[in-house]
Amino acid sequence: MSLVVVGAAGRMGRMLIRAIAQTKGCRLVAAVERPGSEALGADAGILAGLPSLGVPVTDDAAAAFAGADAVLDFTAPAATVAFAKLAADAGILHVVGTTGLEPSHLASLAGEALRTPIIRSGNMSLGVNLLAALVRKVAATLGTDWDIEILEMHHRMKVDAPSGTAVMLGEAAAEGREVELAQARVAVRDGITGAREPGAIGFATLRGGTVTGDHKVIFAGAGERLELAHVAEDRSLFAQGAVKAALWGRGKPPGLYSMADVLGLDTL
Ligand code: NAD
């Protein structure tokens, strides 16, 4: 399978290049960075700490997508929307790991998914997707007298909050309760906030050091607490998940897919 990595010089971009090199049946055919990036012209293999792959980093995404099978995209929301259009124009699968997407970005992706398959997940790991399925089930089982709080910690360089994974876990909890996350979500508390609103789904964000990604979903009842947690130890697992998604998505009809589809967790 011929794969393109966009955001090739980023933390995840380099991981993706390594994951592709380690996966039988996959080949990196192009690596894309933003115009003006210092990485332009560099060999993608060298950039990722591998031997040369003979693939120079380019800023011409349209040319890079022509003839490829899929693009792996862990960049930034506006870039991902632009890549979705180019991927649909080229008729290639788009695997999106970018987080911080606003409703307008998601609407653009849904539009492009009418033309080409898009697999999007705020977290590409098996453990987190399993956790989301468990959270949905627990939230559906426990009543609203159990308060739901989601705590996450990430490295100091992360630019969006709460994390895409925390939002994904919040959506799973909201689905379990059959409510809209937008209505239940409380992302910031500061000062005299008043008592907790019944049914709220709260988020708390910690940032520091080099933490890959810690998430905990707390169900707090009267006199007891249930806590479900996931710790990501190495970001290569997200890259391996993205490559797995690309292999799964090959030949799928246009549409929006999730990692739960890839991992077969929908029936949980
Ligand atoms: P990063 O800043 O290290 O890398 C992003 C890269 O994208 C940069 O090299 C940047 O130059 C490039 N880029 C931005 N705009 C571009 C454009 N228009 N064209 C080409 N390249 C462009 O960030 P990161 O830590 O690698 O994370 C990237 C994204 O992936 C974030 O949204 C992060 O939250 C998300 N992420 C998702 C998962 C997951 O499993 N879904 C896991 C880790 C990170």
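In which pocket does the ligand sit? I looked it up: the ligand sits in the second largest pocket. I note that this is a predicted model.

**Entry: the shell.** I listed 22 residues around the ligand. Arg11, Met12, Glu33, Thr99 and Met124 come nearest. I then sorted the shell by residue class. Seven residues are nonpolar, nine are polar and six are charged. I also checked which helices contribute. Helix 1 (11–22) supplies at least two shell residues, and so does helix 4 (77–90).

Entry: I went through the N and O atoms next. Glu33 places a polar side-chain atom 2.6 Å from an oxygen atom of the ligand. Glu33 is also among the residues that come nearest. A backbone N or O atom of Gly97 lies 3.1 Å from a ligand nitrogen atom. For Ser121, a polar backbone atom is 3.0 Å from a nitrogen atom of the ligand. I then looked up the cover. On its own the ligand has 860 Å² of accessible area, and the protein covers 79% of this.

Entry: Five of them form an open sheet with mixed pairing, in the order 8-9-7-10-11. Which strands are the edge strands? I found strand 8 (185–186) and strand 11 (225–232), each pairing on one side only. Inside the order, I followed strand 7 (residues 147–154) to strand 9 (residues 201–207). The two run parallel and are joined by seven bridges.

Technical notes. Residues numbered from 1 in each chain as written. Predicted model: local features only at pLDDT ≥ 70, side-chain atom pairs only at ≥ 80, totals over all residues. Heavy atoms only, no water. Near = heavy atom within 4 Å. Polar contact = N/O pair within 3.5 Å; in protein donor to acceptor, adjacent residues only side chain to side chain. Areas by Shrake-Rupley, 256 points an atom, 1.4 Å probe, with all protein chains shown as cover. 1 Å grid on protein atoms, 1.4 Å probe; cavity = no way out; pocket = protein on both sides within 12 Å on 5 of 7 lines; lining within 4 Å. Sits in = over half its atoms within 2 Å of the grid points. Helix = DSSP H or I, 4+ residues; strand = E, 2+ residues; numbered from the N terminus. Nonpolar A, V, L, I, M, F, W, Y, C, P; charged D, E, K, R; others polar. Pairing = 2+ DSSP bridges.
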